[in-house]
Amino acid sequence: MALYLNQNNDKFKEYKSARIFIDKSNLIKECNSLFGTSDKYMCITRPRRFGKTMALSMLNAYYSKGCDSAALFDKLNIASDNSYLEHLNKHNVIWIDMANLYTDIKDKNTFVEKIKFNILRDLKEYYSNIDFTDLTLGEAIIKIKSELNERFIFLIDEWDVIYREQEYNTKLCDEYTELLRNLFKSSNVSSCIDLVYMTGILPIRRYSTQSTLNMFTEYNMLDSYPIESYVGFTEDEVIGLCNKYNRDFNEIKSWYNGYNLNGVSLYNPKSVVEAVLRGECDDYWVQTSAIEAITNYMNYDHGELKDIICEMLLGNKVRVNVSKFSNDLTKVDSADSALTVLIHLGYLAYDKKLKVCYIPNYEIKQEF
């Protein structure tokens with residue numbers, strides 16, 4: 001049984017069968033529009049529990065040759081788009097959850113070799129009539145394209161787990177970067193790929209070996225145009241849930257509103273779902289996080305950041321230069337970079353127009 005290649009749609013079935021399911025299927029339309037363009041490389045970074053894995057399960061269910069998903073999508077928004085049938089279950093999809101793989105490996109230094117071994121094993125099993133002897137992963141993909149004219153979609157969850165968990169293991173980080181570069185920047189392999197959609201928490205580093213991944217368009221908590229409405233729950237979606245479950249929208253708004261991307265008001269999906277189902281607002285999202293993520297940065301430079309946080313606790317917004325953070329956790333060397341980390345982690349919100357950050361809502365204010 002394949003680990004990564006052409007998986008079934010069971011995971012998306014679970015999400016779609018949940019008590020609360022919000023139709024985000026028009027994200028597929030955005031992805032379809034990028035096929036055959038230089039923008040086919042997408043890096044979507046979000047805080048925890050903001051729907052990253054749900055989106056990946058939806059994309060896999062839609063694109064993968066390993067399932068028949070018409071019944072799952074025929075009544076969703078995407079079904080009315082002209083590109084819907086063109087791509088429905090027509091593609092080879094390699095879907096990798098990097099965090100799960102990382103957790104399962106005892107010797108973390110074998111992480112990159114394990115990825116290559118697992119994908120090659122899937123390809124050898126699926127394309128049993130092709131001789132892959134002594135071929136690298138990239139060469140195997142090229143050979144499949146050459147002999148069968150078949151191309152691939154890569155879906156990668158928690159793409160940045162190595163950079164977060166092994167940030168000081170430069171050898172392993174560089175090996176991982178090289179793997180991604182060889183797969184997605186090499187012109188020979190790139191011609192065999194229709195789409196790459198990878199998610200994580202941290203954007204790609206601007207100054208390091210990671211900068212070789214500059215083929216990716218980034219959609220993050222600073223700017224996600226044009227897919228802002230797929231980041232979390234929109235205000236209209238939250239109003240709809242409150243009406244359906246007879247909940248007080250104003251209370252939920254005060255607890256969980258506050259993120260704003262290019263004028264789109266967004267809510268944390270995890271917290272809203274819990275509050276709507278339970279009928280009670282509480283700290284649902286922050287309970288899934290480690291408090292150290294906040295305190296480590298608040299203690300930056302002998303507590304300088306604490307004064308800034310206190311100002312935001314009073315309801316003020318604070319100027320921040322997000323360009324000071326190079327997206328490298330080993331180089332958080334200023335208040336600006338520490339504040340930017342907290343924006344990417346979801347503990348602060350960012351107003352791109354005013355270039356200010358602020359505590360987004362009551363739930364996170366309590367945590368601070």
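Which residues have the most contacts inside the largest nonpolar core? In this predicted model, local features require pLDDT of at least 70 and side-chain atom pairs count only at pLDDT 80 or more, whereas totals for chains, interfaces and linings use all residues. Residues are numbered from 1 along each chain as its sequence is written, and side-chain values use heavy atoms, with hydrogens and water left out.

The largest nonpolar core comprises 47 residues, and those with the most contacts inside it are Phe 111, Leu 123, Phe 154, Trp 159, Tyr 176, Phe 184 and Phe 216. A nonpolar core is here a set of buried Ala, Val, Leu, Ile, Met, Phe, Trp, Tyr and Cys residues joined through side-chain atoms within 4.5 Å; buried denotes under 20% relative accessible area, exposed over 50%, and partly exposed the range in between (1.4 Å probe, protein chains only). Helix α10 (residues 170-184) supplies the largest share of this core, seven residues. Helices (H or I, at least four residues) and strands (E, at least two) are DSSP runs, numbered from the N terminus. Residues up to four places away in sequence aside, Phe 216 touches Tyr 41, Met 42, Cys 43, Phe 184, Val 196, Met 198 and Ile 204, a contact being heavy atoms within 4.5 Å. A second, separate core of 35 residues includes Leu 222, Ala 335, Tyr 358 and Ile 359.

Aromatic pairs number 21; rings of Phe, Tyr and Trp (its six-membered ring) pair if their centres lie within 6.5 Å, and planes under 30 degrees apart count as stacked, over 60 as edge-to-face and the rest as tilted. Phe 12 and Phe 21 form an edge-to-face pair, at 6.0 Å centre to centre and 70° between the planes. Phe 12 is buried at 0% relative accessibility, while Phe 21 is partly exposed at 23%. The ring centres of Tyr 163 and Tyr 176 lie 5.5 Å apart with the planes at 50°, so this pair is tilted. Tyr 163 belongs to helix α9 (residues 161-165) and Tyr 176 to helix α10, 13 residues apart. Tyr 163 is buried at 3% relative accessibility, and Tyr 176 is buried at 0%.

Strands β9, β11 and β10 form an open antiparallel sheet in the order β9-β11-β10, where pairing requires at least two DSSP bridges between two strands. The edge strands, β9 (318-319) and β10 (349-351), each pair on one side only. Two bridges join β9 to β11 (residues 356-358), and Arg 319 has Val 356 as its bridge partner in β11.
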